[in-house]
Amino acid sequence: MNKPVQEKSVNGPDWARAIADPAAFAREQEQLGHVWTVIGLTTDIPNDNDWFRATLGGRSIFVQRFGGELRGFENKCAHRFYPLRTADRGNGVIRCGFHHWQYNKDGLAVGIPKCQELFGVTPRELDARLSPVEIETCGILIFGRFPRADVKQSLLAFLGPGYDIIKALCVAEKPPHYLERKVAANWKLCYQVTLDDYHIVAVHPDSFGKDGYMDVKRIRYFRFGAHSAFPEGVPIKRMAELCAKGEYRPKHYCIMQYFPNLIMVHSPVVAYNWYVIIEQYVPQAYDRTLLRAWFFPLPNPHQLTQWWPRLKQKLAAPWVPLAMRLFWPKILKEDHDVCELQQTIASQIDAAPILGLQEERIAWFEQSYQAAIGQAPAPKP
Amino acid sequence: MDNKTPKATIDALSPTWADALTDPGAFTREQSQLGHFWTFLGLTSDAPHDGDWFRATLGGRSIFVQRFGEELRGFENKCVHRFFPLRTADKGNGVIRCGFHHWQYNKEGRAVGIPMCQELFGKTPRELDAHLNIVEVATCGMLIFGRFPAPHATETLEDYLGDSFEILQAFCKGAKAPRHFSRLIKANWKLCLHVALDDYHIVAVHGDTFGKFGYLEQRVTRYFDFGMHSAFFNACKDADALTTMLAAVRDGTYQPPTYRTFNIFPNFAAAHSDTLDRWYITLHQYLPLSVDRTIWKIWYFPSPFPLPKKSWFRTLVSNYIALWLPLAVRYYAGKVASEDQQVCERLQTIASQAGGSPIIGLQEKRIAWFERAYDIAMGAVPARKRLKGGRA
């Protein structure tokens with residue numbers, strides 16, 4: 001495992017093209033729209049007819065609850081391409097604000113004012129439909145993708161062992177805490193920083209990097225499908241097995257990156273309080289990204305037996321979200337400053353990076369990326 | 001050029017002259033070609049001490065120039081490891097160390113300090129042999145020029161500047177750190193440059209300064225082209241004035257008679273102009289930022305050329321006035337720059353409509369010369385023999 005990874009720098013010379021070129025970015029997003037991508041949480045739409053707006057493959061979409069079912073559609077009326085949803089979230093039937101066309105849960109236009117007079121047919125004969133988005137959930141995470149004839153992989157197959165892990169850990173009774181941050185840099189630059197454990201000394205000198213570089217022997221990276229993880233302590237397969245049986249009680253920090261742009265962390269935060277952190281770098285333009293982040297207490301944490309740690313944990317618990325909101329944006333800012341500076345010379349990137357062992361997962365990510373946008377064969381699982 | 005019998009021959013520009021005014025792809029290609037020609041980067045006074053550096057732009061790329069003792073070195077401002085900008089301010093002092101992972105480079109641009117190198121990369125820094133991209137740097141007096149190396153870029157700066165090398169050197173002899181200002185222009189750099197190479201617009205655009213006394217008298221308006229560059233001497237009877245000037249500069253007797261400007265390809269100019277009773281040198285650069293954004297940088301300082309002898313009283317008055325001259329120069333240069341800026345920005349608004357060649361008159365002749373040099377730089381036409389060396 002721990003051999004030099006010079007040769008693993010698989011990024012072709014074009015790996016950075018979509019970082020500096022709007023047209024290449026649009027093509028990239030088009031392709032990534034067919035990859036299972038987190039678009040929101042089930043806790044965002046708990047009630048019948050609740051909906052939220054999201055971005056998938058560079059396009060505006062929305063997800064709506066119909067009873068027990070979630071449906072997703074491109075946010076574009078079939079009539080004259082008006083956005084059906086013009087807010088971030090809401091509740092109500094799908095009715096276009098431009099000419100009052102109304103759609104049912106299959107995305108079929110069923111209510112069309114003056115249909116017979118103006119279009120000469122009934123709505124059923126007209127058969128106008130919204131573009132559907134395929135939806136699946138895992139835990140509270142809602143994944144979506146645009147359908148395509150050759151894209152058949154289920155979410156379970158796509159996530160592999162990650163499916164059981166997400167299902168067990170992404171459980172929240174209350175809606176998670178949320179924060180977001182705008183970054184003036186390409187989403188890949190943002191995501192790559194999270195896959196890099198080598199920058200901590202230079203970029204986070206008074207937190208993660210305070211004690212110097214990480215010991216190479218301590219680090220073991222796992223690759224599964226298009227994803228990767230850095231769990232301390234337990235191999236990823238074992239972790240998935242324990243999660244499936246409901247017996248996983250983490251003792252160490254773990255970060256997992258799910259292709260294309262999701263990050264999941266579980267970590268002790270303050271005084272034995274464990275949290276799950278979900279982050280997502282949503283591409284908005286070739287040089288703009290929105291970080292969305294959610295955090296909530298880890299379900300089924302390790303039970304403390306001694307009274308003193310238990311008391312500390314209990315006393316600290318109400319203050320953890322506040323502490324997170326104070327500390328975490330500082331770390332994010334340090335990373336995002338780096339990304340924004342990198343973006344300023346993105347058009348000058350014309351070679352492959354030199355990736356060391358603590359950046360190994362960037363090479364894995366780029367392999368998955370090239371496979372997804374059709375530049376390279378898919379990596380063997 | 002024979003200016004005695006002005007025949008209104010109209011030079012046509014190549015049909016592609018306006019492509020890079022509005023098309024980002026064409027602009028990127030253009031800049032990457034121009035990066036192989038000696039381009040003005042800054043002044044030695046920007047990096048006077050050991051370890052001083054400043055950031056600049058060359059061929060559309062961020063670069064920096066750093067002093068190592070007596071020597072100036074230039075590098076692309078991009079760490080080879082993960083492409084982070086090594087310099088994130090306009091100027092400073094210190095070793096070349098990347099802020100992302102602390103890779104450190106020596107004056108050859110080689111990564112000599114790599115944290116955890118053996119553990120993470122399986123090699124020593126020497127074996128890894130990671131190098132910054134080099135920018136070739138040369139100076140002419142206090143002017144620093146640079147270019148990206150290329151097999152065809154073999155001409156020395158001295159040969160490239162030709163006759164103007166010694167003249168530019170003389171222009172900034174003894175100058176300390178010149179005053180300067182800059183402005184952002186929402187127009188393509190070539191449109192700005194065309195205005196600088198045009199002496200015909202003065203009446204319409206600079207009605208109360210240069211154009212106050214009407215159009216230039218064509219009979220005594222002298223243009224010279226040498227290498228890829230050009231010069232304009234105002235109110236000059238001597239048809240061979242460039243040679244005469246060069247000789248006078250060489251033996252140290254040169255005194256500026258009238259306004260004279262040298263435009264150095266691609267985007268640099270140096271002029272002397274009379275300001276009340278002294279002469280001032282102004283340096284100009286039109287720095288291309290993007291297809292429709294340019295930074296116009298202007299430096300100004302008193303001319304080093306000897307002044308004519310005066311009575312003690314006139315000398316006293318003159319020295320008193322000289323105290324206030326920087327303010328006057330700043331005011332007039334700023335005013336003229338604003339007028340030109342407005343013209344350039346209006347040109348840019350319909351730049352995508354610029355089909356065909358403009359109609360170039362005699363007092364815009366240098367635009368045609370510039371565009372001919374530009375075509376050569378773009379590889380659109382082969383260099384003619386007379387353009388190869390800079391000597392007239």
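**Figure 1. Arg82(B) lies in the loop between β4 (71-76) and β5 (91-93) of chain B.** Helices (H or I, at least four residues) and strands (E, at least two) are DSSP runs, numbered from the N terminus. The model is predicted: local features need pLDDT of at least 70, side-chain atom pairs count only at pLDDT 80 or more, and totals for chains, interfaces and linings use all residues. Residues are numbered from 1 along each chain as its sequence is written, chains are lettered from A and ligands numbered from 1 in the order in which they are written, and side-chain values use heavy atoms, with hydrogens and water left out. Arg82(B) has a relative accessible area of 3% and is buried (under 20% relative accessible area; exposed is over 50% and partly exposed in between, with a 1.4 Å probe and protein chains only). When neighbours within four places in sequence are set aside, the contacts of Arg82(B) in chain A are Gln192(A), Val193(A), Asp196(A), Gln342(A), Pro353(A), Leu355(A), Glu359(A) and Ile362(A). In chain B, Arg82(B) touches Phe100(B) and His101(B). Contact means heavy atoms within 4.5 Å.

**Figure 2. Cys98(B) occupies the loop between β6 and β7 of chain B.** This cysteine, Cys98(B), is buried at 2% relative accessibility. Beyond the neighbours within four places in sequence, Cys98(B) is in contact with Cys79(B), Phe84(B), Leu86(B) and Trp103(B). The C-alpha atoms of Cys98(B) and Lys78(B) are 8.9 Å apart, while the two residues are separated by 20 residues in sequence.

**Figure 3. Three strands of chain B form an open antiparallel sheet in the order β6-β7-β8.** The edges are β6 (96-97) and β8 (111-113) of chain B, each of which pairs on one side only. Two strands pair if DSSP finds at least two bridges between them. Strand β7 (residues 104-105) of chain B is joined to β8(B) by two bridges in the antiparallel sense. Within this pairing, Gln104(B) has Gly113(B) of β8(B) as its bridge partner.

**Figure 4. Strand β14 (residues 254-258) of chain A has five of its five residues buried, so it is largely enclosed by the rest of the structure.** In a regular strand the side chains alternate between the two faces of the sheet. Both faces of β14(A) are covered, with Cys254(A), Met256(A) and Tyr258(A) buried on one side and Ile255(A) and Gln257(A) buried on the other.

**Figure 5. Strand β14(A) pairs in the antiparallel sense with β13 (residues 227-231) of chain A and with β15 (residues 262-268) of chain A.** The pairing of β13(A) with β14(A) runs over four bridges, and Pro231(A) stands opposite Cys254(A) of β14(A). The pairing of β14(A) with β15(A) runs over five bridges, with Ile255(A) opposite Val265(A) of β15(A). A hairpin of three residues connects β14(A) to β15(A).

Figure 6. Of the 392 residues of chain B, 54% count as buried. Among contacts in chain B between residues at least 6 apart in sequence, 62% join residues at least 24 apart.
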